[in-house]
Amino acid sequence: MDVLPVRSGDQAALSPFVAMSAQHADFEINASERAALVAFLMRKSGSAILAEDIAQDAFIRLVEFQRREKVRNARGLLFKIAVNLLINHQRRERRMVAGLVEDYADERPSQERAALDNDRMRQFRKALETLPPLRREVLIRRRLENQSYQEIGKALNLSSAAVEKHVVRALASLRAYQDKFMIEGERPW
């Protein structure tokens, strides 16, 4: 077992819990090992406070583990525990940030986008009104209700070819309407 020696003056640098636990556990640690771990965690995390917290938790977990199991390399295990704690902490942070972003992401369109969409819808309705009634109904059934040519033909007593011609002519009429009134966007709507 790799024993980290405790010198009498080093006990003050350790937290009371770790120092007390170290006395009862089957290992010893010193302040220089603690400082090395904190410095290692600071390089990994960029935060002195986080490094201190994780080092403290790592020592506690090492003490608890050594009460149950024999450890050959206590220093190596201590650093491994600390790295795992840091990774877990960083994962929690990312999930929390992602959750905050999702919470604040507003799926609704902006007022400007809503106004533009309303204007385009109004123009589309006006363009639809210019179509002959049969052509308008064919187009609505095909494009808005997603019916097949056969379904439309059967409902309106038309052949599939006639339905297709009505759709093509309706789209051409809508395209011409957009060009005439210089309406921007997808052609035709």
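This is a predicted model: local features need pLDDT of at least 70, side-chain atom pairs count only at pLDDT 80 or more; totals for chains, interfaces and linings use all residues.
Local features require pLDDT of at least 70 and side-chain atom pairs pLDDT 80 or more, while totals for chains, interfaces and linings use all residues. Residues are numbered from 1 along each chain as its sequence is written, and side-chain values use heavy atoms, leaving out hydrogens and water.

Trainee: How many salt bridges are there?
Mentor: A salt bridge requires a side-chain nitrogen of Lys or Arg within 4 Å of a carboxyl oxygen of Asp or Glu. By this rule the count is five.

Trainee: Which residue meets glutamate 52 in a salt bridge?
Mentor: Glutamate 52 lies in helix H3 and its partner in helix H2 (residues 31-45), so the pair ties together parts 18 residues apart in sequence. Helices are DSSP runs (H or I, at least four residues), numbered from the N terminus. At 2.6 Å, N to O, the partner is arginine 34.

Trainee: Over the face of which residue does arginine 142 lie?
Mentor: A charge sits over a ring if NZ of Lys or CZ of Arg is within 6 Å of the ring centre and within 35 degrees of the ring normal. At 4.8 Å from the ring centre, arginine 142 lies over tyrosine 149.

Note on methods. Helices (H or I, at least four residues) and strands (E, at least two) are DSSP runs, numbered from the N terminus.
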